[in-house]
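Hi,

Here is the structure I promised to pass on.

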Amino acid sequence: MIILLGPAGSGKGTQAKLLRKKFSLEYFGSGEALRQRQKVGDFTGRKLIKVLERGIWAPNFVISKLWMDELEKFKRKRKFNGLVSDGSPRRIIEAELFDEALKWYKWQEKVKVIFINISKKESFNRLTKRRQCKRCGRLIPWLREFKKLKKCDKCGGPLVVRIDDKPKSIEKRLEEFKKKTIPVINYYKKQGKLIEINGEQPIEKVFQDILKTLK
Ligand SMILES: [Zn+2]
């Protein structure tokens, strides 16, 4: 069980995908799950679109439901190599619920929490300049290796600045992270599960640092 935490723009999504590939892990990304949830055209789906646009976090019960549906699916798998969670839990109440769920499914052993730390300024820069492919949805990070791209390097689609990455909503998200997720990080630190990684390095170097700590 690997939980990846870090402020928006820290590259935790990218690292989660690398880990998933390397160890054949199951993946849960709250951002991705919420984007899927928005597409369900019901009351919650529509409300989530409005709320997330303003940089406000989705309520606990919505996140917990998404979690539970996924964990139940993983439990049904014949071959389960573990899970990497990208950006969740990010509030104390979610962390407690998550602990409870892991015990329920008997997955409480070997939980590692990796905190990818970057400064607020770095986070802000990466987010205001991050782009997304209009065709396949690929996120193009604002890092040296991608800055020159004019088109998507996967499918050739056009790139646009992501809609939830407006300066005001970014400020709000970073503020929320400090207020709500830093306590989660401290919560895991007290349990001796926390590993801190310097996120202001190239993707490959961050990944190597993570691998070292997993041995
Ligand atoms: Zn693309």
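This is a predicted model: local features need pLDDT of at least 70, side-chain atom pairs count only at pLDDT 80 or more; totals for chains, interfaces and linings use all residues.

Let me begin with the zinc ion. Its protein donors are the SG atoms of C133, C136, C152 and C155, which lie 2.3 to 2.4 Å from the metal. Along the chain, these donors follow the spacing C-x2-C-x15-C-x2-C. The arrangement counts as tetrahedral because the 4 donor atoms subtend angles of 103 to 114 degrees around the zinc ion. For comparison, the ideal angle for four tetrahedral donors is 109.5 degrees.

C152 is buried, at 5% relative accessibility, while C155 is partly exposed, with a relative accessible area of 31%. In case you were wondering about disulfides, the structure holds 0 of them.

Now to helix α4, which covers residues 60-76. This helix has 17 residues and reaches 24 Å from its first C-alpha to its last, close to the 24 Å expected at 1.5 Å a residue. Which residues of α4 are buried? They are V62, I63, L66, W67, L71 and F74. Viewed down the axis of α4, these buried residues fall within an arc of 160 degrees, so they line one face of the helix. In general, an α-helix has 3.6 residues a turn, so residues three or four places apart point the same way.

The buried residues of α4 pack against β2 (26-29), α2 (30-39), α3 (43-53), β3 (83-86) and α5 (92-104). On the face of α4 turned away from its buried side sit the exposed residues F61, M68 and R76.

Best wishes

Technical notes
Residues are numbered from 1 along each chain as its sequence is written. Side-chain values use heavy atoms; hydrogens and water are left out. Helices (H or I, at least four residues) and strands (E, at least two) are DSSP runs, numbered from the N terminus. The expected span of a helix is 1.5 Å times one less than its number of residues. Buried means under 20% relative accessible area, exposed over 50%, partly exposed in between (1.4 Å probe, protein chains only). The arc is that of the directions from the helix axis to the C-beta atoms. Contact means heavy atoms within 4.5 Å. A disulfide is a pair of cysteine sulfur atoms within 2.5 Å. Donors are N, O and S atoms within 2.8 Å of the metal (3.2 Å for Na, K and Ca); water is not among the atoms, so sites may look incomplete. Four donors count as tetrahedral if all angles lie between 85 and 135 degrees; four count as square planar and six as octahedral if opposite donors are over 155 degrees apart and all others between 65 and 115; anything else is irregular.
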